[in-house]
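Please keep the sequence and the model in view while reading.

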Amino acid sequence: MIPILLVAIGLLGLLIASLFDIKTKEVPDWLNFSMLSAGISLRLMQSVSTGLWRYLIYTLLAVAVMFFIGILMYYTKQWGGGDTKLLVAIAAIFTIVPNQDYFLISLMVNLVIVSTFYGLFWCIYFAVKNSAKFKKELPIYLHKNMNKIKSYVIVVLILLLPLLLINSIALKILLLSAALILFIYPLLTTFIEAVERSAMFKEVKIEKLTEGDWITKDIRYKNKLIYSKSSPGIEKSQINMLRKLNIKYVPVKDGIPFVPAFLISTIITLLLGNLVLSAI
């Protein structure tokens with residue numbers, strides 16, 4: 001009963017978090033901490049009722065590991081603080097899932113796959129929505145990255161040469177796949193850079209700043225550093241300081257609402273398991 005209840009709580013929590021993220025670009029702390037508390041509390045009840053303390057121990061270990069992964073992603077600016085807290089809450093909820101071994105590992109594998117396509121979808125959306133700016137930025141970044149693109153093309157041609165001598169179909173497919181990935185990679189990164197510059201760099205009012213937003217330049221006041229662009233995200237104390245200094249706007253790199261990727265990945269994992277293992 002408890003495992004089913006936890007899955008229901010997890011899916012409902014992720015749905016609510018997704019709606020918040022789409023609407024406000026922020027997941028409230030009360031939701032993350034409620035899911036975390038529910039996961040640990042119910043696992044404690046399960047351990048007490050069954051006498052099997054591994055339920056609680058596995059949950060606490062999973063929470064610790066996901067906290068470390070989340071912090072790593074946060075400080076490398078891959079996602080915000082809310083995503084890190086949500087990942088920890090997911091670990092507490094989905095440590096053990098009926099009829100699935102190593103659910104969290106499968107979830108993380110699926111999250112990498114889903115987030116790749118999910119992020120590409122949003123990039124295409126932003127490119128279309130901001131088509132005028134995007135059309136100006138794309139040639140600039142193509143010119144900037146042209147040497148890198150040419151280098152990758154040379155590597156691709158070298159990879160394709162052995163196809164004339166190889167008879168193995170499996171090896172030919174492997175080489176073609178590697179060549180295709182290497183050909184697409186510099187073009188894709190150039191596309192993403194142009195999208196970011198045309199759609200994700202904005203001047204934002206101080207009143208609309210939220211904790212964890214990524215400011216794109218150092219902010220100083222009378223030679224005193226208020227915020228460093230190398231920081232993972234702005235803190236509430238820094239936002240309050242900017243308000244006191246009467247600073248009106250700051251340059252911010254906007255992100256995409258990433259929480260729905262968690263929800264989609266969780267549903268896929270519950271229904272299909274590990275996508276990589278399923279494909280083998």
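The paragraphs below treat a sheet, the helix across it, and the aromatic rings.

This is a predicted model, in which local features need pLDDT of at least 70 and side-chain atom pairs count only at pLDDT 80 or more, whereas totals for chains, interfaces and linings use all residues. Residues are numbered from 1 along each chain as its sequence is written, and side-chain values use heavy atoms, with hydrogens and water left out.

Helices (H or I, at least four residues) and strands (E, at least two) are DSSP runs numbered from the N terminus; two strands pair if DSSP finds at least two bridges between them. In general, strands of a sheet pair through backbone hydrogen bonds, in either a parallel or an antiparallel manner. Here, three strands form an open sheet in the order 1-5-2, with antiparallel pairing. Strand 1 (201–205) and strand 2 (214–215) are at the edges and have a single partner strand each, so one side of each lacks a neighbour in the sheet. Strand 1 and strand 5 (residues 249–253) run antiparallel and are joined by five bridges. Within this arrangement, phenylalanine 201 stands opposite lysine 253 in strand 5.

Helix 8 (residues 169–200) lies across strand 1 and strand 5, at about 25° to strand 1. Contact means heavy atoms within 4.5 Å; axes are lines fitted to C-alpha atoms, for helices over the stretch in contact, and angles between N-to-C directions run from 0 to 180 degrees.

Phenylalanine 201 also has a charged group over its ring: arginine 197 lies over its face, at 4.1 Å from the ring centre. The criterion is that NZ of Lys or CZ of Arg is within 6 Å of the ring centre and within 35 degrees of the ring normal. Arginine 54 likewise lies over the face of tyrosine 55, at 5.2 Å from the ring centre.

Rings of Phe, Tyr and Trp (its six-membered ring) pair if their centres lie within 6.5 Å; planes under 30 degrees apart count as stacked, over 60 as edge-to-face and the rest as tilted. By this rule there are 11 aromatic pairs. Tyrosine 118 and tryptophan 122 form an edge-to-face pair, 6.4 Å centre to centre with 65° between the planes. Both lie in helix 5 (residues 103–129), four residues apart, about one turn of the helix. Tyrosine 125 and phenylalanine 126 form a tilted pair, at 5.7 Å and 55°. Ring pairs link Tyr118, Phe121, Trp122, Tyr125, Phe126, Phe258 and Phe262 into a cluster.

Buried means under 20% relative accessible area, exposed over 50%, and partly exposed in between (1.4 Å probe, protein chains only). Tyrosine 118 is therefore buried at 10%, and phenylalanine 126 is buried at 10%, whereas tyrosine 125 is partly exposed at 37%.
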